[in-house]
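Please consider the model below with its sequence alongside.

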Amino acid sequence: MSPGKAPKSELRSFIKDPYVLEFLQLPDHTAPKEKDLETAIINNLSQFLLEAGKGFSFVGRQYRISTETNHFYIDLVFYNYLLKCFVLIDLKTDQLTHQDIGQMDTYVRMFDEFKRGEDDNPTVGLILCTSKDETIVKFSVLKGSEQLFASKYRLILPSEEELIAEIEREKRLIEIREEE
């Protein structure tokens, strides 16, 4: 892929939904704190990179990006050498909110402005959350942005019934998107 804007369909093939993080061995019955989730990912980085997919390399944790007056810290930063872009990951231990989306949009814009090289494609932002409200997704910048994504994560493999329900839900969402 040459520098420029990667089509969302191409990016989507690199972004999973959901991510299964069972290898972190965090208890599923209680929501971990974001710091605990981040630490577990760093402690199991090679397994996380396998779950993330092809071409990912680790850049940093709590990566600081600064303006003249503020410092911001991005949970995890990766570079994907196949996509030729940075991938910023923000970890959320509960449902996705519009504030989370706005925060990631800000991070992506700042990273593009201050860190992206001229041969790099635009930065991708990925919010990993336990659940997402499709209405929030529909009316947020996620809908129109080619570079922002929200994916759920699971701490244990879903049951057969949960997998069937998830497949049916995704089918309905695809049908709705095609109708729009």
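A cavity is here a set of grid points where a 1.4 Å probe fits but cannot get out, and its volume is the space filled by probe spheres set on those points. Rolling a probe the size of a water molecule over the atoms shows where empty space is left. The model is a predicted one, and a search of the whole structure returns 1 cavity of 30 Å³ or more. The volume of the largest cavity is about 30 Å³. Its lining consists of Ile15, Tyr19, Phe48, Ala52, Phe56, Val87, Ile89 and Leu126. Helix H3 and strand E4 each contribute at least two residues to this lining.

The protein chain contains 7 helices and 6 strands. Followed along the sequence, these elements give the pattern α-β-α-α-β-β-β-α-β-α-α-β-α. Of the 180 residues in the chain, 42% are buried. Among contacts with a separation of 6 or more, 64% are made by residues 24 or more positions apart.

How are the strands arranged? They form an open sheet of 6 strands in the order E1-E6-E5-E4-E3-E2, and the pairing is mixed. At the edges stand strand E1 (19-20) and strand E2 (56-66), each of which pairs on one side only. Helix H3, residues 45-52, packs on this sheet and touches E1, E2, E3 (71-80), E4 and E5. The direction of H3 makes about 100 degrees with that of E2. Helix H4, residues 98-114, lies across E2, E3, E4, E5 and strand E6 (148-154). Relative to E4, helix H4 runs at about 150 degrees.

Strands of a sheet pair through backbone hydrogen bonds, either parallel or antiparallel. Strand E4 shows both kinds of pairing, being antiparallel to E3 and parallel to E5. Strand E4 (residues 85-91) and strand E5 (residues 124-129) are joined by 5 bridges, and Asp90 stands opposite Ile127 in E5. The pairing of E3 with E4 likewise extends over 5 bridges, with Phe78 placed opposite Val87 in E4. The chain passes from E4 through H4 to E5, and this β-α-β crossover is right-handed.

Is strand E4 buried or exposed? The strand is mostly covered, with 7 of its 7 residues buried.

Most residues other than glycine have a negative phi, and most peptide bonds are trans. Lys84, in contrast, has a positive phi near 55 degrees. Lys84 lies in the loop between E3 and E4, within a hairpin that has 4 residues between the strands. Because its relative accessible area is 33%, Lys84 is classed as partly exposed. Gln62 also has a positive phi, near 50 degrees, but Gln62 lies in strand E2. With a relative accessible area of 34%, Gln62 is therefore partly exposed.

Arg61 is likewise placed in strand E2. Why does Arg61 count as partly exposed? The reason is its relative accessibility of 33%, which falls between the 20% limit for buried residues and the 50% limit for exposed ones. Leaving aside residues up to four places away in sequence, Arg61 touches Lys35, Glu38, Thr39, Ile42, Ile74, Asp75 and Leu76. Arg61 and Leu76 are 15 residues apart along the chain, yet their C-alpha atoms are separated by 4.6 Å.

Note on methods: Residues numbered from 1 in each chain as written. Predicted model: local features only at pLDDT ≥ 70, side-chain atom pairs only at ≥ 80, totals over all residues. Heavy atoms only, no water. Pairing = 2+ DSSP bridges. Contact = heavy atoms within 4.5 Å. Axes fitted to C-alpha atoms, helices over the stretch in contact; angles between N-to-C directions. Buried < 20%, exposed > 50% of the residue type's maximum accessible area, 1.4 Å probe, protein only. Right-handed = clockwise from strand over helix to strand, strands pointing away. 1 Å grid on protein atoms, 1.4 Å probe; cavity = no way out; pocket = protein on both sides within 12 Å on 5 of 7 lines; lining within 4 Å.
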